[in-house]
Amino acid sequence: MKIAVLSGKGGVGKSTVVASLAALLSRNQNIICADCDVTAPNLGLFFGLTDKNFTKREVSTGLEAELIENKCIKCGYCLDTCIFSAITWKNKPVFNRFLCEGCGSCQIACPSNAITLKPVKNGWIGTTETKKFPIVMGQMNIGKSGSGEIVALVLEETDRIAQQRSIDWTLIDAAAGISNQVITAARAADFIVAVTEPTPAALSDLKKTLSIVKHLGTPYGILINKTGINPDTNKQIKKFTKETDSSILGELPYNTLFIDALIKTKPVVTLDTNIEKQFKTILGNIMKRV
Ligand code: SF4
Ligand code: SF4
């Protein structure tokens with residue numbers, strides 16, 4: 001069973017939720033976590049683990065255009081073809097490796113076979129162990145593209161380890177937003193937890209997230225974090241859930257202990273029995289739906 005935790009807006013507490021659900025679930029289940037926020041992975045930090053604790057391997061999921069100078073007849077067709085503005089002209093085409101998406105249009109347009117597409121190392125994936133379960137994470141290199149493909153590799157490695165160790169539960173920490181990497185993570189899930197907070201921006205982004213989730217047809221529930229900071233928007237979220245026939249998995253009142261947990265690099269459920277109880281209710285509500 002794979003549970004993905006998503007949020008439209010960043011900073012609503014998605015990784016906090018994953019860390020606490022993982023801490024609770026791992027008490028009596030074999031679990032694995034996949035940190036699929038490959039632009040800013042941080043799930044390991046909730047268990048006192050940094051990049052250095054991960055066994056890594058470089059991955060190459062993208063392509064970059066490169067000029068074969070002695071073949072170029074300087075016709076300029078490639079310049080007109082690139083919709084990503086990755087080519088400029090300095091007596092010859094110059095390819096910007098940070099802007100190139102490796103789409104290959106310029107290669108097709110070139111009448112002289114003067115452009116090659118070479119694989120580019122665009123990130124790494126790594127594994128580590130907490131005291132109770134493994135975490136797999138991916139990190140995209142700065143200025144590179146291919147986040148969805150790196151997420152797919154993280155999920156592939158997660159599945160491999162899960163199968164090897166007969167692990168039944170996978171928790172996926174997705175990136176915020178509705179980008180390719182989020183959709184790749186959401187597609188892999190059997191159930192989705194959509195985390196939001198009572199702010200107009202988070203509500204607006206929740207609607208975008210749910211439009212994707214509904215399109216995928218994956219069962220889901222909504223978790224409202226930081227309740228109490230804005231009662232009016234809280235009401236609006238509840239109105240929205242009724243209108244869309246969505247279920248609320250739980251509400252987590254705003255509490256500075258969530259910040260303490262970040263500072264202490266621990267899941268917040270380990271700091272307070274009341275918060276632990278709230279997360280147990282949320283986990284119970286997820287279990288009823290999966
Ligand atoms: S491969 Fe695509 S993005 Fe890269 S330079 Fe060519 S046309 Fe532009
Ligand atoms: S299309 Fe090919 S031959 Fe023409 S300028 Fe570009 S690289 Fe050179």
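Student: What average pLDDT does the protein reach, and which of its elements has the lowest mean pLDDT?
Tutor: This is a predicted model, and its average pLDDT is 95, with 100% of the residues scoring at least 70. Among the elements, strand β2 (residues 31-36) has the highest mean pLDDT, 98, whereas the lowest, 92, belongs to strand β4 (residues 62-67).

Student: How many helices and strands does the protein have, and what does the C-alpha trace span along its principal axes?
Tutor: The protein has nine helices and 13 strands. Buried residues make up 43% of its 290 residues. Along the principal axes, the C-alpha trace spans about 70 × 40 × 35 Å.

Student: Which domains does the assignment give, and what distance separates their centres?
Tutor: The domain assignment gives domain 1 as 2-59 + 124-289 and domain 2 as 62-120. Contact between them involves four residues of domain 1 and four residues of domain 2, and the side of domain 1 that touches domain 2 has no nonpolar, three polar and one charged residues. Taken over C-alpha atoms, the centres of domain 1 and domain 2 are separated by 39 Å.

Student: Which residues come nearest to ligand 1, and which come nearest to ligand 2?
Tutor: By class, the shell around ligand 1 has nine nonpolar, four polar and one charged residues, while the shell around ligand 2 has eleven nonpolar, two polar and one charged residues. Of the 14 residues around ligand 1, the nearest are A65, C82, C100, C103 and C106. Of the 14 residues around ligand 2, the nearest are C72, C75, C78, C110 and A114.

Student: Which members of the largest nonpolar core touch the most other members?
Tutor: The largest nonpolar core holds 68 residues, among which A4 and I172 touch the most other members. Helix α1 (residues 14-25) gives the most to this core, with eight residues. Apart from it lies another core, of ten residues, including C82, C100, C110 and I115.

Student: Is L223 buried or exposed?
Tutor: L223 is found in strand β12 (residues 220-227), and, leaving aside neighbours within four places in sequence, L223 is in contact with V17, V193, V195, L249, G250 and I282. The cut-off for burial is 20 or more other C-beta atoms within 10 Å. Because L223 has 25 other C-beta atoms within 10 Å, L223 is buried.

Student: How far apart in space are L223 and K74, C-alpha to C-alpha?
Tutor: In sequence, L223 and K74 are 149 residues apart. In space, C-alpha to C-alpha, the distance between L223 and K74 is 57 Å.

Student: Which elements do the buried residues of α5 pack against?
Tutor: In helix α5 (residues 180-187), the buried residues are Q181, V182, T184, A185 and A186. The buried residues of α5 pack against the strands β1 (2-7), β2, β10 (169-176) and β11 (191-196), and against the helices α4 (147-164) and α6 (200-216).

Notes: Residues numbered from 1 in each chain as written. Chains lettered and ligands numbered in written order. Predicted model: local features only at pLDDT ≥ 70, side-chain atom pairs only at ≥ 80, totals over all residues. Near = placed C-beta within 6 Å. Nonpolar A, V, L, I, M, F, W, Y, C, P; charged D, E, K, R; others polar. Domains from an automatic or database assignment. Contact = placed C-beta atoms within 7 Å. Helix = DSSP H or I, 4+ residues; strand = E, 2+ residues; numbered from the N terminus. Buried ≥ 20, exposed ≤ 12 C-beta atoms within 10 Å, placed from the backbone. Core = buried A, V, L, I, M, F, W, Y, C linked by C-beta atoms within 7 Å. pLDDT = per-residue confidence, 0-100.
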